[in-house]
Amino acid sequence: MKPVLSLHPFVPGDERHKLTPGTLPCSALLEKLSGARAVIVPQSVNSQIYAACKKYCPRVFPNYSFRFGSEDKPGQARLFARMGIPHPETRIFPGTHCFTDMGLFAQGLKLPCVLKAGAGGGGNGVFAARNKQELESSLSALTRRFGPCTPFVAQEWIDTMGRDLRVVVIGSKMFSYWRVQDKPDEFRNNVCRGGRIVAEMEPELTQKGIGLAKDLCSKTGINLAAVDIFFDGRTPLLGEINFVFGRKGVGGTPRFRALLNEAVKEWTLLKC
């Protein structure tokens with residue numbers, strides 16, 4: 001039987017191959033891939049390595065078929081629209097150099113809204129635009145930090161009441177928790193912005209959010225990600241997919257690694 005090849009430093013396989021940052025496919029790796037029945041890759045895998053894995057060994061965990069090309073916020077907005085997944089109204093702009101508030105309004109959005117840089121995590125590059133003055137200052141901040149030609153999105157303002165749901169997908173299992181922001185002047189609920197983790201609250205909304213995450217996974221095959229869900233009243237809306245994410249909400253790094261190893265074992269038995 002062909003071996004299971006692990007490129008992940010904390011997930012064992014029948015064989016291992018160490019990846020270094022910025023690694024590109026090499027002959028030694030391609031030879032191992034062609035002789036493997038399945039491959040395990042780390043969350044830090046780049047698009048070139050992942051493409052090589054899929055080419056030489058179609059069975060790859062995690063399933064990142066929809067990651068590359070959809071990892072930034074414009075790409076995710078396109079993905080959600082294409083898949084018919086409920087999400088906040090979003091408009092994509094190629095850069096602040098061509099943005100006008102009249103253009104924003106012409107596309108069906110109005111103030112208040114949220115401006116989000118294409119890349120960034122932990123609320124970095126996310127700015128409130130509750131009025132025209134804030135819109136102008138947020139555009140200036142985007143330009144200073146990311147340049148005038150970096151794509152960004154403008155998204156309708158969802159009053160989350162200082163909370164949102166995160167659903168962490170690990171293999172076939174889902175783990176949920178809420179992020180609650182107690183600071184009245186902070187609209188972002190990220191833990192690094194002061195949001196606190198609440199394991200259980202609003203059971204009905206939690207189940208609705210998990211249902212939306214399941215819909216996403218059934219349409220994309222995603223089996224390792226953290227999905228952020230907002231609620232417009234009692235209606236769940238998909239906010240963002242995080243393919244690399246913090247682990248505190250699932251019990252920290254040791255527990256995350258244990259859950260990941262369990263998921264890989266289950267996947268290997270079912271798929272290989």
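Pro62: I looked up its place and found it in the loop between β4 and α3 (73-83); helices (H or I, at least four residues) and strands (E, at least two) are DSSP runs, numbered from the N terminus. The peptide bond from Phe61 to Pro62 is cis, with omega near 0°.

I noted the ground rules for this predicted model: local features need pLDDT of at least 70, side-chain atom pairs count only at pLDDT 80 or more, and totals for chains, interfaces and linings use all residues. Residues are numbered from 1 along each chain as its sequence is written, and side-chain values use heavy atoms, with hydrogens and water left out.

Pro112 sits in the loop between α4 (101-106) and β6 (113-117).

Positive phi: I checked Met161, which is not a glycine yet has a phi of about 55°. Met161 is in the loop between β8 (152-156) and β9. Met161 counts as exposed because its relative accessibility is 58% (buried means under 20% relative accessible area, exposed over 50%, partly exposed in between; 1.4 Å probe, protein chains only). Glu202 has a positive phi too, near 45°, and lies in the loop between β11 (196-198) and α6 (203-220). At a relative accessible area of 26%, Glu202 is partly exposed. For background, I noted that most residues other than glycine have a negative phi, and most peptide bonds are trans.

Helix α7: I listed its buried residues, among them Phe256, Leu260, Val264 and Trp267. The buried residues of α7 pack against strands including β1 (4-6), β3 (38-40) and β12 (224-232), where contact means heavy atoms within 4.5 Å.
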